[in-house]
Amino acid sequence: MVVSIVVLHSGDPNRLGGLIRSISRVGDDVEIVVVLGTPIPSKIRGRGVKVIYQSMLRYPGRGIAMRDGYYFSDGEVIAYIDFNTDKAEPKKIRELYRPILDGYADVVKAGFSRRFLQIEERIRRTLAKLYPGLQNIEHPLSPYMAAKKKALSVVEWESGWGADIAILIDAHVKGFRIAEIPVDLKERYKKPSQIYRESVEEIAEAIIKRGLRDRRITSEDADKIYKDIIGKIGVET
């Protein structure tokens, strides 16, 4: 089974080479797809690396990059890795999609999002109410995910930061099996990335849109959920 490992890149090109070398040592039948959100000055090196530019160069364009990686991948399984992954050892990367190869999951979440740790508890609380089947997912906003391509085929893609939670909900609603594994690919004790109100709004809107679509909430509920998730994020807006 071919696994496409999609690297989402929008920053320092110097961190990309080491990540590609690490992925190339995973050992399975792996395809590497790099989705560039910004131009980089040097050539990306690595045999068989497929490089594409994000179809819409906008920020935040995480969902656009994830969708493009899905469209241009040939694997039956797709794993998403951020370019700034702290712990990109081949073994950890392989563990991300191993439950799918072993046949007991269709979608796998791993690690956590340092950027969104501040709102994670609010998201878990909301998911537990709207989608009880997801209540045991500890890190729903983790940027590290693997999925069967057919599970991604049911996703209503979000263009920005709401993409990860959208995949989780859409796959769950369509009956795909969700698993979470205790593999950290981020260094928890580094300074968190700055979180912006716009980013949190995109996540909240992705959840609310699905809650309304699936008739789990009313418009009145949506207002309450939005206020609960946004809360006081205590950062620059």
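1. How many helices and how many strands does the protein have? The model under review is a predicted one, and the protein in it contains eight helices and seven strands.

2. Seven strands form an open sheet of mixed pairing, and their order across it is E3-E2-E1-E4-E6-E5-E7. The edges are strand E3 (49–53) and strand E7 (178–181), each of which pairs on one side only. From one strand to the next, the twist averages 20°.

3. Within this sheet, strand E1 (residues 3–9) runs parallel to strand E2 (residues 30–36), and seven bridges link the pair. For orientation along these two strands, Ile-5 lies opposite Ile-32 of E2.

4. Which strands does helix H1 touch? Helix H1 (residues 16–24) packs on the sheet and is in contact with E1, E2, E3 and strand E4 (77–82). The direction of helix H1 makes an angle of about 160° with that of E2.

5. Contacts across the chain deserve a separate remark. Of the contacts in the protein between residues at least 6 apart in sequence, 77% connect residues at least 24 apart.

6. Burial and surface may be considered together. Of the 237 residues in the protein, 51% are buried. The accessible surface of the protein amounts to about 11,200 Å², and carbon and sulfur atoms account for 48% of that surface.

Technical notes:
Residues are numbered from 1 along each chain as its sequence is written. This is a predicted model: local features need pLDDT of at least 70, side-chain atom pairs count only at pLDDT 80 or more; totals for chains, interfaces and linings use all residues. Side-chain values use heavy atoms; hydrogens and water are left out. Two strands pair if DSSP finds at least two bridges between them. Helices (H or I, at least four residues) and strands (E, at least two) are DSSP runs, numbered from the N terminus. Axes are lines fitted to C-alpha atoms, for helices over the stretch in contact, and angles run from 0 to 180 degrees between N-to-C directions. Contact means heavy atoms within 4.5 Å. Buried means under 20% relative accessible area, exposed over 50%, partly exposed in between (1.4 Å probe, protein chains only). Accessible areas come from the Shrake-Rupley method with a 1.4 Å probe; for residues, only the protein chains shown count as cover.
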